[in-house]
Amino acid sequence: RPEPNRKSLEGAESPYCPATFHNLQELRHSASLANKVFIQRDYSEGTTCRFQTKFPSELDSRIERTLFEDTVKTLNNYYAEAEKIGGQSYLEGCLACTTAYIIFLCMETRYEKVLKKIGRYIQEQNEKIYAPRGLLITDPIERGMRVIEISIYEDRASSGSSSGSSSTSGTSAR
Amino acid sequence: MHLGLDEPVRECQYNQICTRNSSPMETLSHKKKRTPRRKWQIFPGRNRFYCNGRVMMARQTGVFYLTLVLIMVTSGLFFAFDCPFLASNLTPAIPVIGGVLFLFVLGMLLRASFSDPGVLPRATPDEAADLERQMDAANGSSGPGYRPPPRIREVVINGQTVKLKYCFTCKIFRPPRASHCSLCDNCVERFDHHCPWVGNCVGKRNYRFFYLFILSLSFLTIFIFAFVITHVILRSNRSGFLNALKDSPARYPLTGREVVVCFFSVWSIVGLSGFHTYLISSNQTTNEDIKGSWSTKRAKNNYNPYSYGNVLTNCCAALCGPLHPSLIDRRGFIQPDTPQPLSHSNGSGLYPSTQNHTHMCDQEHCIQSTKFVLQAAATPLLHSDPVMMGRAGPPPSGKTSLGGPCSSLAPSQPSLPSSMPGLGCAGDMLTLRDPDAHCHHHHFVSPEEMPSPLGPSSLVLPFAAHGGHLNPAQLYDPASQDSLHEDSVRGLVKLSSV
């Protein structure tokens, strides 16, 4: 299970790292949630999972465009790999069917394996690239694969009034 | 392993939250300390969960038990009364094959009934607010009383324009091929239909199980039917036909009944299997087929953008494609800091002043108590005219049903006629519990998403039926409060022009 460095800033809502809540509490003492940006799904290629690579304007001053686009493109590639219909998926499907899907009690599906890879990738990206810039990516699976949620934090010392409630709807901003 | 780590951490979390709480929340956090709750316990849809969240079904499960009973009784009779004769006179392979088929049928039925069909979790409050902001910005300034344009996004898929509708219950733009099931009150991906026989919706994740169930059931019924006939024939060869029939009731009392059940089942189930085979090979859902979404009658160059063009590829994709994971994480523990989706059915159908959402964050409570006063002032400004959404829908139709037993309740059929907008909010609302809340709810629920009343009589008395549906379900109160809250916030933001 991916649990490298507990002190590092990781996606607090990830089910794989229950202990990071402490770290996010610490983060929240020193930084406050200013805004959340949602990267929506891109349905132009059908129902497969893809996210829009359009760069949101709120991140303009926070992160370089290329880094952001790289992250989203890599995520899209991972999802494409998970949902690919080819030789391996047919084999898995036929094998599962012949065993009346009992085999999935012991074995995890390819999709689940790729989801774990994605979880680790997002964690790594958060540690290396996003957290130093005061951003945090939430794994899309936590949001029902609808959006990639990027939380923007601001240093409490620098922002005068508490910026948590002024932005979106003031809900769940801690 | 995961659970062990969670427990001590959660204790710390609760301690920290307690110190920041306003008083209404303290009792709740005390409750939380005792029993960590799982997400299925606060699931907003109208589903039932068993085995601590492992099993997920629709609310009405009566017909599912009937299906189980029919299959087991018929097969049981076959194994008890016909198999001994056939095994000894023909071949013992017959009960073996029958047994394998029967177990496969049961397995597929249980898998289709108990698994998550592909429910889309509802939007978190932040997401919903973000979407609302985007839609407001797109629509430009629209004062109260102005009819807002339908909330639709268009996307081009493989050269075909597809409209994505906004779901007012789930507060999301539905992905293509997704639909909102009015019986389960969930948006389901690749929604096929809601099957009462299976006791669940049929969607992306359990379509293959459903298809394999009806396919194997067809084989099973044909198998049983054929061999029961064989049994009677063989017996009649020995002792004459009339004697065979006479013996039948005496020694094997229920053979005749078996035959009758099988006969009717065969035609309906085989027909249904054939229909779904056609759907799979053309990569359509029952929903799309009934609405004629990709039929050339609609537009000349209308075609199905999801089809791979090849029958074999379509079949393989539907049956052997990757198995998507469940998006709703039923057995996960509720973490207090995660934003919970806007819920309708928490059972706490209380009035605004005493409202106690277990999943609403404490900050929102603080905000809500102060804004409630403003909300009361803002509400008449925002909701002076009853505005109905989603008028542009297919014409009202009765419940459409297939030839087979699976009468698919197409969720997008509006069960209320378009005369509904004419009904004033004030007059009819006296019968309902919370006038403001329900009035508001009407504004934001399109006719398509109302729970479909049973039968065409609903068309005559739409409001009464609708009221009847809403009354037992105090479910909508919290949601409408959320919507009211959000709207009052928006109204305040606009007024104060922050």
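Is B:C201 buried or exposed? B:C201 is buried, with a relative accessible area of 1%. Keep in mind that what you're looking at is a predicted model.

## The cysteines

Let's stay with B:C201 for a moment. Its closest cysteine sulfur belongs to B:C181 and sits 3.4 Å away, which is too far for a bond, because a disulfide needs the two sulfur atoms within 2.5 Å. Count over all chains and you get zero disulfides in the structure.

Another cysteine to look up is B:C83. That residue is buried too, at a relative accessible area of 5%.

## The nonpolar cores

Now for the greasy parts. The largest nonpolar core is made of 44 residues, and B:F78, B:F210 and B:F213 have the most contacts inside it. In chain B, the elements giving this core two or more residues are β2 (55–58), α3 (62–89), α4 (93–114), α6 (207–239) and α8 (255–281). The largest share comes from α6(B), which puts in 13 residues.

## A strand tucked away in chain A

Over in chain A, have a look at strand β1, residues 31–40. Ten of its ten residues are buried, so the rest of the structure largely encloses this strand.

Who is its partner? β1(A) pairs with strand β3 of chain A (residues 147–155), running antiparallel over nine bridges.

Notes. Residues numbered from 1 in each chain as written. Chains lettered and ligands numbered in written order. Predicted model: local features only at pLDDT ≥ 70, side-chain atom pairs only at ≥ 80, totals over all residues. Heavy atoms only, no water. Core = buried A, V, L, I, M, F, W, Y, C linked by side-chain atoms within 4.5 Å. Buried < 20%, exposed > 50% of the residue type's maximum accessible area, 1.4 Å probe, protein only. Helix = DSSP H or I, 4+ residues; strand = E, 2+ residues; numbered from the N terminus. Pairing = 2+ DSSP bridges.
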